[in-house]
Amino acid sequence: MSPEQKAQTVLATLLKRYPDVQGMLRWSSPWQLLAATILAAQCTDRQVNKITPELFSRWPEPRQMAQANPAEVEQVIRPTGFYRNKAKSLIQSAARIQAVYQGQVPRSMSELLSLPGVARKTANIVLSNAFGQQEGIAVDTHVKRIAYRLGLTQSQDPRRIEQDLMPIFPKESWGRINHLLVWFGREVCLARRPLCQECELGRVCSKQ
């Protein structure tokens, strides 16, 4: 089976399992999605969703966050871990969005990558989900693990994994495949004890 055929099987199988797949983060604006995704680094989406209601009520858009007191932001986001660096990234990103992009989250990969604390994973998530633009595939821990187990990549480097996945999945599915693999990674292809006996992808998995 070619990588393209395997990718087609993976996509079709997971779409059948998750026909209405969406991300878990709760947001109502591009800025809120950007902020939530920054907070989700080394943290679960569930934990992020617990603190974002207060965060967004106090600093709903870049204009407010750019002027925020770092100590106050740190206090709110402390449960997400690495809260000092994350608070710094939120405030500095908001300030740049205000100063350079007229308060609007930018809509290109290069512009998003110019924001403090934003790498390709975060930029891909924002572009796909907030703007409907497919510039790449967001590679998080679930995507990294499952792509390797399925033999879709031989790399452990997120950038290389993204380069391996993009040519074999249809471009229109790039945003969706992230959600599909994340949900599958949470429910079936677990990090420590994958439920291989229940896995619909066993026939194409190189690790079985």
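User: What covers the buried residues of H2?
Analyst: In this predicted model, the cover includes helix H3 (45-58), helix H4 (62-65), helix H5 (70-77), helix H6 (83-100) and helix H8 (120-131).

User: Which residues of H2 are buried?
Analyst: Trp31, Gln32, Leu33, Leu34, Ala35, Ala36, Thr37, Ile38 and Leu39 are.

User: Why is H2 described as largely enclosed by the rest of the structure?
Analyst: Because nine of its ten residues, which span 30-39, are buried. Buried here means under 20% relative accessible area.

User: And the whole chain, how much of that counts as buried?
Analyst: 49% of the 208 residues.

User: Changing topic. How many helices and strands are there?
Analyst: Eleven helices and zero strands. Along the sequence the pattern reads α-α-α-α-α-α-α-α-α-α-α.

User: What radius of gyration does the chain have?
Analyst: The chain has 18 Å, which agrees with the value near 17 Å that a compact globule of 208 residues would have.

User: What box do the C-alpha atoms fill?
Analyst: Roughly 55 × 30 × 30 Å, taken along the principal axes.

User: What share of the contacts comes from residues 24 or more positions apart?
Analyst: Those pairs account for 60% of the contacts in the chain, counting contacts with a separation of 6 or more.

User: Last one, charges. How many positive and negative ones are there, and how far apart are their mean positions?
Analyst: There are 28 positive and 17 negative charges, and their mean positions are 5 Å apart.

Methods. Residues are numbered from 1 along each chain as its sequence is written. This is a predicted model: local features need pLDDT of at least 70, side-chain atom pairs count only at pLDDT 80 or more; totals for chains, interfaces and linings use all residues. Side-chain values use heavy atoms; hydrogens and water are left out. Buried means under 20% relative accessible area, exposed over 50%, partly exposed in between (1.4 Å probe, protein chains only). Helices (H or I, at least four residues) and strands (E, at least two) are DSSP runs, numbered from the N terminus. Contact means heavy atoms within 4.5 Å. The radius of gyration is taken over C-alpha atoms; the globule rule is 2.2 Å times the number of residues to the power 0.38. Lys and Arg count as positive and Asp and Glu as negative; His and the chain ends are not counted. The place of a charge is taken as NZ of Lys, CZ of Arg, CG of Asp or CD of Glu.
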